[in-house]
Amino acid sequence: YEYTNHDSSVNSVQWAPHDFGLILVCGSSDGAISVLTYSANNQWESEKINNAHTIGCNSVSWAPGLGSSVKRFVSGGCDSLVKIWREGEDGHWAEEAKLEAHSDWVRDTAWAPSLGPARQTIASCSQDRRVIIWTLKDGGSWVPKVLHTFEDVVWHVSWSVSGNILAVSGGDNKVSLWKETLDEQWQCISDVSKGNSAQG
């Protein structure tokens, strides 16, 4: 199978949590996001969300399944926005929330493995040199918190499997690890220069 319905480079692809079956989300520089689903009749079906991000989409990341049938993912784009997408009851995807806090291109987004149904967490990083942690608590709206302002562009964010440690990498040639304290502050617990192996 080959999907050829984007007009520019595809910058990010991610498989959905396995509870949802074979579903792949793709973000492209043409500004669109595609969701590819392997259906019961052994065919790939696609839905394209046009103009998801003006100028381009740089990243996509699925929300954890949590035993729920609700499918969501987060995207980040060249419009400096982070957006939450949700599959509706009609099977089509729609924007659920638009998160504004970055002042330059959003380079990566990562939805954390869940620490419980009462709280959802997303990390986003940007050309503006900041990492922002977005938190959604039961019945509330997404609240941004700046994790840190780095010395250079931040390219990637990635959560540990348990969802309590965030790895950050960027143009400063470093990988740093961050953990939330009990009073909801973020602390750097490790700072590793790329290319320098730890001497034990």
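Modeller: Arg 129 is partly exposed, with a relative accessible area of 37%. On this scale, buried means under 20% relative accessible area, exposed means over 50%, and partly exposed is in between, using a 1.4 Å probe and protein chains only. This is a predicted model, in which local features need pLDDT of at least 70 and side-chain atom pairs count only at pLDDT 80 or more, while totals for chains, interfaces and linings use all residues. Residues are numbered from 1 along each chain as its sequence is written, and side-chain values use heavy atoms, with hydrogens and water left out.

You will find Arg 129 in the loop between strand 10 (119-126) and strand 11 (130-137). Strands and helices here are DSSP runs, numbered from the N terminus: a strand (E) has at least two residues and a helix (H or I) at least four. Its backbone deserves a look too, as Arg 129 has a positive phi of about 75° although it is not a glycine. For background, most residues other than glycine have a negative phi. Asn 42 also has a positive phi, near 60°, and is not a glycine either. Asn 42 sits in the loop between strand 3 (33-38) and strand 4; with a relative accessible area of 53%, Asn 42 counts as exposed.

Now step back to the whole chain. The protein chain has 16 strands and zero helices. A compact globule of 200 residues would have a radius of gyration near 16 Å, and the protein chain, at 17 Å, agrees with that. That radius is taken over C-alpha atoms, and the globule rule is 2.2 Å times the number of residues to the power 0.38. Along the principal axes, the C-alpha atoms fill a box of roughly 55 × 35 × 35 Å. Of the 200 residues, 42% count as buried. The chain exposes about 10,500 Å², with carbon and sulfur atoms supplying 47% of it; such areas come from the Shrake-Rupley method with a 1.4 Å probe.

Let's go inside, starting with Ser 34 in strand 3. Ser 34 is buried, at 0% relative accessibility. Leaving aside neighbours within four places in sequence, Ser 34 is in contact with several residues, including Tyr 3, His 6, Cys 26 and Glu 47. Contact here means heavy atoms within 4.5 Å. Ser 34 and His 6 are 28 residues apart along the chain, yet 8.4 Å separates their C-alpha atoms. Gly 77, in strand 6, is likewise buried at 0% relative accessibility. Not counting residues up to four places away in sequence, Gly 77 touches His 53, Gly 56, Cys 57, Asn 58, Trp 105 and Val 106. Across the chain, 39% of contacts between residues at least 6 apart in sequence join residues at least 24 apart.

Finally, look for the rings. Rings of Phe, Tyr and Trp (its six-membered ring) pair if their centres lie within 6.5 Å; planes under 30 degrees apart count as stacked, over 60 as edge-to-face, and the rest as tilted. By this rule there are ten aromatic pairs. One of them is the tilted pair of Trp 15 and Trp 44, at 6.3 Å centre to centre with 45° between the planes. Trp 15 lies in strand 1 (residues 10-15) and Trp 44 in strand 4 (residues 44-49), so the pair ties together parts that are 29 residues apart in sequence. Trp 15 is partly exposed at 48% relative accessible area, and Trp 44 is partly exposed at 24%. Another pair is Phe 73 with Trp 85: the ring centres are 6.5 Å apart and the planes are at 25°, so this pair is stacked. Phe 73 belongs to strand 6 (residues 72-77) and Trp 85 to strand 7 (residues 81-87), so the pair ties together parts twelve residues apart in sequence. Phe 73 is buried at 0% relative accessibility, and Trp 85 is buried at 4%. Ring pairs also link Tyr 1, Trp 15, Tyr 38 and Trp 44 into a cluster.
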